[in-house]
Amino acid sequence: GIKKFVYIGNYTVPTTSSVWRFIFTGNMGPSGVAAGRAAAITNIAGGTTSQLVDTLNNTVYNNSNPILTTVPTPFFCLNNNDTYNPGAVDPDGDSLHFSLVPGMNGTTNCTTIGGPVTYAGGFSGIAPLGVAAGTFSLDPHTGQISFFPNILQRALVVYNVDEYRSGSFVGSCQREMTFLVITCTDIPPTGIFSGATAGTITD
């Protein structure tokens with residue numbers, strides 16, 4: 001099964017700044033440490049805690065971060081052409097730029113921040129998946145990841161989404177997920193639209 005954790009907090013920034021950073025270190029106060037990063041992840045060393053960083057430039061604009069509409073429970077089939085798209089929708093109509101970044105190890109306290117996790121050999125924040133050579137790609141404009149996984153894995157994948165409005169940077173947000181690649185007995189169907197009777201195929 002799947003368990004979803006939602007963490008919510010309100011904070012009013014006291015002034016304008018181009019360099020606001022909001023850092024979640026994994027500290028949940030009296031309730032303990034944030035859950036969600038399984039010990040069974042295969043592309044990093046175990047025993048780590050999630051840490052995420054969002055940024056805000058409120059010197060020119062108010063800003064709402066993009067909404068990632070795809071539920072972050074990505075399961076994929078071994079030896080199959082797979083894709084994932086976060087389904088980003090920005091309430092302000094900002095231009096979005098997607099990248100993959102290293103996972104961070106939270107400190108579980110509010111006084112210090114952590115550093116990057118330790119990746120297993122051959123893996124990194126920008127190359128987090130075990131795939132057939134030459135099959136991994138990320139579209140920086142849509143966030144679409146395409147790949148052909150060739151090993152069973154539970155891989156930590158961290159998106160960073162930058163927002164621009166009229167050419168000015170207004171903020172960023174992050175999403176952390178675990179990509180699970182399993183052996184599938186029923187491979188998902190694939191195909192293309194090759195013709196249309198009541199319209200024109202443009203893409």
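Which residue stands opposite Cys173 in β12? Val161 does. This is a predicted model, in which local features need pLDDT of at least 70, side-chain atom pairs count only at pLDDT 80 or more, and totals for chains, interfaces and linings use all residues. Residues are numbered from 1 along each chain as its sequence is written, and side-chain values use heavy atoms, with hydrogens and water left out.

Start with β12, residues 168-182. Strands here are DSSP runs of E, at least two residues long, numbered from the N terminus. Eleven of the 15 residues in β12 are buried, meaning under 20% relative accessible area with a 1.4 Å probe, protein chains only.

Now take the partners of β12. Two strands pair if DSSP finds at least two bridges between them. Strand β11 (residues 153-165) pairs with β12 over 13 bridges, in the antiparallel sense. Two residues lie between the strands of this hairpin, and Ser166 takes a positive phi near 55°. Strand β2 (residues 50-56) is also antiparallel to β12, over two bridges. Thr55 stands opposite Ser172 there. Strand β4 (residues 75-77) pairs with β12 in the parallel sense, over three bridges. Cys77 has Ile182 of β12 as its bridge partner.

Turn to another sheet. Three strands form an open sheet in the order β5-β10-β9, with antiparallel pairing. β5 (82-84) and β9 (137-138) are the edges, each with a single partner strand, so one side of each has no neighbour in the sheet. Strand β10 (residues 145-147) runs antiparallel to β9, joined by two bridges. Ser137 has Ser146 in β10 as its bridge partner.

Methods:
Buried means under 20% relative accessible area, exposed over 50%, partly exposed in between (1.4 Å probe, protein chains only). Helices (H or I, at least four residues) and strands (E, at least two) are DSSP runs, numbered from the N terminus.
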